[in-house]
Amino acid sequence: MEQAWVRSAKLEGSKVLLRPMGPLDIQDCFDRLHRRSEITDWLCWDGPEAIEELAPWYLSWPLGDPNRGWDYHFAVIDLADGEFAGVISLRFYDHASQGDIGYWIDVPKWGRGLASESVSLLTWLAFEHAGALLVYAEWFEGNLGSKRVLERAGFLSDPAGEHRFQKGERNVLVHFHSLARSAWEEAGKPGAPDRVQVEAGERANPHK
Ligand SMILES: CC(C)(COP(=O)(O)OP(=O)(O)OC[C@H]1O[C@@H](n2cnc3c(N)ncnc32)[C@H](O)[C@@H]1OP(=O)(O)O)[C@@H](O)C(=O)NCCC(=O)NCCS
């Protein structure tokens, strides 16, 4: 199935700039994620044990990996101080037209609306430029901050998407929130950046 592909994008709101992850972000990323259970307790992934684990995953899109390059990984930059503040990803690999959003924010920067604005901006990109018909996110039972982030971006709960996940010793209930393209259009296409640069691309190997 053919789908629009974005080569590069910069999306600026009032609190954050989203730009593609680059090699210089990898150390910042490792320092903020490595054994930070406040963050990794809420992710399917347990975080990196070694810094070398990060680049193959987070740089797959900027490096043009023909497969995982369908997953867009953005650095979240805090506009208040210009610092790296976290990562937000929009993933299509293995589920064309349905973008799965995942995110984490550096602990000292929680509670300032950075995740909420990041999700709105990336949802806008997904529908406006990346060919999404549906955008969804999954969150673990108890992660009320993440639930609220999704509600603020207009996502709705879909109990049919609930499932269980084995996270180490814990068997957790995973909730599913989603936003359909039609609902986003009816709401007036919210989340448009204040400033935006999008470079459209072409892929030789459209994914399945
Ligand atoms: C969840 C997370 C991304 C939120 O980031 P953030 O930048 O602090 O989020 P925001 O500042 O945009 O806050 C969004 C809303 O959640 C609320 N919130 C934040 N933490 C909360 C908590 N523990 N309980 C209840 N509400 C909470 C905020 O008050 C805000 O709601 P409001 O606007 O109605 O006041 C961040 O806490 C994080 O990285 N957690 C660990 C990783 C993670 O959970 N990733 C998501 C996996 S699904």
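What share of the contacts in the protein chain with a separation of 6 or more comes from residues 24 or more positions apart? The figure is 66%, where a contact means that two C-beta atoms, placed from the backbone, lie within 7 Å.

## Ground rules

This is a predicted model, so local features need pLDDT of at least 70 and side-chain atom pairs count only at pLDDT 80 or more, while totals for chains, interfaces and linings use all residues. Numbering starts from 1 along each chain as its sequence is written.

## Overall build

The protein chain has six helices and ten strands. These are DSSP runs numbered from the N terminus, with helices (H or I) of at least four residues and strands (E) of at least two.

Along the principal axes, the C-alpha atoms fill a box of roughly 40 × 40 × 35 Å. As for burial, 34% of the 208 residues count as buried. Here, buried takes 20 or more other C-beta atoms within 10 Å of the residue's own, exposed takes 12 or fewer, and partly exposed is in between, with C-beta atoms placed from the backbone.

## Around the ligand

The ligand has 22 residues around it, and the closest are Trp-42, Ala-115, Ser-116, Gly-145 and Arg-148.

H5 supplies the largest share, six residues. Sorted by class, the shell holds 13 nonpolar, six polar and three charged residues. Nonpolar covers Ala, Val, Leu, Ile, Met, Phe, Trp, Tyr, Cys and Pro, charged covers Asp, Glu, Lys and Arg, and the others, Gly among them, are polar.

Strand S1 (residues 5-12) and strand S2 (residues 16-20) run antiparallel, joined by two bridges. Pairing requires at least two DSSP bridges between the strands. S1 and S2 make a hairpin with three residues between them, and Glu-12 has Leu-17 in S2 as its bridge partner.

S2 also pairs with S3, again antiparallel, this time over five bridges. In that pairing, Val-16 sits opposite Asp-78 in S3.

## Leu-79 and its loop

Leu-79 belongs to the loop between strand S3 (72-78) and strand S4 (84-91). With 15 other C-beta atoms within 10 Å, Leu-79 comes out as partly exposed. Setting aside neighbours within four places in sequence, Leu-79 touches Lys-15, Val-16 and Leu-17 by the contact criterion. Gly-69 is another matter: it is ten residues from Leu-79 in sequence, yet 27 Å away in space, C-alpha to C-alpha.

## Two positive phi values

Most residues other than glycine have a negative phi. Asp-94, in the loop between S4 and S5, has a positive phi near 80°.

Lys-189 counts as partly exposed, since 13 C-beta neighbours fall inside 10 Å.

Key: Near = placed C-beta within 6 Å.
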